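Good morning, and thank you for joining this meeting. Please look at the sequence and the structure together while I go through some of the details.

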Amino acid sequence: MVYDVLIIGGGVAGLQCALLLGSAKDKPFAEGKKIGIITHQRASHLQNALFNNVLGLKPKTLGKDILTEGKQQLTDLYPHVSQIEGQKVTAVINNEDDQVYKVITNKGEYYSKIVVIALNYAKPFEIVGLEQYVEKHSRANPIKDRIQLRNFNHLIKEGLYVCGTIAGWRSQFAIAAGSGASVGTDILTLWNDNISTKIHDKI
């Protein structure tokens, strides 16, 4: 099977991107699209987070609960989005002439037309095939020695996106979620013949 989009990372940016893409399921341009997310969360900075300053989140919400509840929300609302658990990505391979990316994990191989990198910005970064895009983080405190993947408005190159802190954004929940949503709408726009697209639920 070839995915239409495969998201790497189950933190706030990756889950938000997956939720937005999943929510477009009834739109003609998204009908039948195969969406997957590799929900590796062990290295997520949400594991130790406590939130009091995020609009819409109850004060004292724990990041570790968001990680669990976010995956459940995706399962409950958009079960057509495949969640691949317990796997760590080791390589993202694409030859210039290829129409798809090969994503290699410690347990298997996957193929996708679009790949979204939604990992955190910490070192070491050890995904083969992406080394040439690694650069110093443009917004993080230099003492932290964080990295980002070189991109222009979240796009690294055709079919390869990045979102969240590893896209160069600051480590704030709302910023990371917005970055994931931005990538989601960019992909939906691409599917919708490049007509600017967003998804709203209404009462």
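This is a predicted model: local features need pLDDT of at least 70, side-chain atom pairs count only at pLDDT 80 or more; totals for chains, interfaces and linings use all residues.

Within helix H1, the buried residues are Val12, Ala13, Gly14, Leu15, Cys17, Ala18, Leu19, Leu20, Leu21, Gly22 and Ser23. Buried means under 20% relative accessible area, exposed means over 50%, and partly exposed lies in between, with a 1.4 Å probe and protein chains only. H1 is thus mostly covered, with 11 of its 12 residues buried. Helices (H or I, at least four residues) and strands (E, at least two) are DSSP runs, numbered from the N terminus.

Residues are numbered from 1 along each chain as its sequence is written, and side-chain values use heavy atoms, with hydrogens and water left out.

Against what do the buried residues of H1 pack? They pack against S2, S3, helix H2 (63-77) and H3, where contact means heavy atoms within 4.5 Å. H1 covers residues 12-23 and reaches 16 Å from its first C-alpha to its last, close to the 16 Å expected. The expected span of a helix is 1.5 Å times one less than its number of residues.

I turn now to the sheet. Six strands form an open sheet in the order S6-S3-S2-S10-S14-S13, with mixed pairing; two strands pair if DSSP finds at least two bridges between them. Strand S6 (82-84) and strand S13 (155-157) are the edge strands, each pairing on one side only. On average, neighbouring strands of this sheet are turned by 20 degrees against each other, direction ignored. Strand S2 (residues 5-8) and strand S10 (residues 115-117) run parallel and are joined by three bridges. Ile8 has Ile117 as its bridge partner in S10.

Helix H3 (residues 173-191) lies across S2, strand S3 (35-38), S10 and strand S14 (160-162), and runs at about 155 degrees to S14. Axes are lines fitted to C-alpha atoms, for helices over the stretch in contact, and angles run from 0 to 180 degrees between N-to-C directions. The 19 residues of H3 should span 27 Å, and its end C-alpha atoms are 27 Å apart, which agrees. Just after H3, Asp193 takes a positive phi of about 55 degrees.

How many aromatic pairs are counted? The count comes to one. The ring centres of Phe51 and Phe173 are 4.9 Å apart and their planes are at 65 degrees, so the pair is edge-to-face. Rings of Phe, Tyr and Trp (its six-membered ring) pair if their centres lie within 6.5 Å; planes under 30 degrees apart count as stacked, over 60 as edge-to-face and the rest as tilted. This pair links distant parts of the chain, since Phe51 is in strand S4 (residues 50-51) and Phe173 in helix H3, 122 residues apart. Both Phe51 and Phe173 are buried.

Finally, I come to Gln87, in the loop between S6 and strand S7 (89-93). Is Gln87 buried or exposed? Gln87 is buried, because its relative accessible area is 10%. Residues that Gln87 touches, not counting those up to four places away in sequence, include Ile38, His40 and Tyr110.
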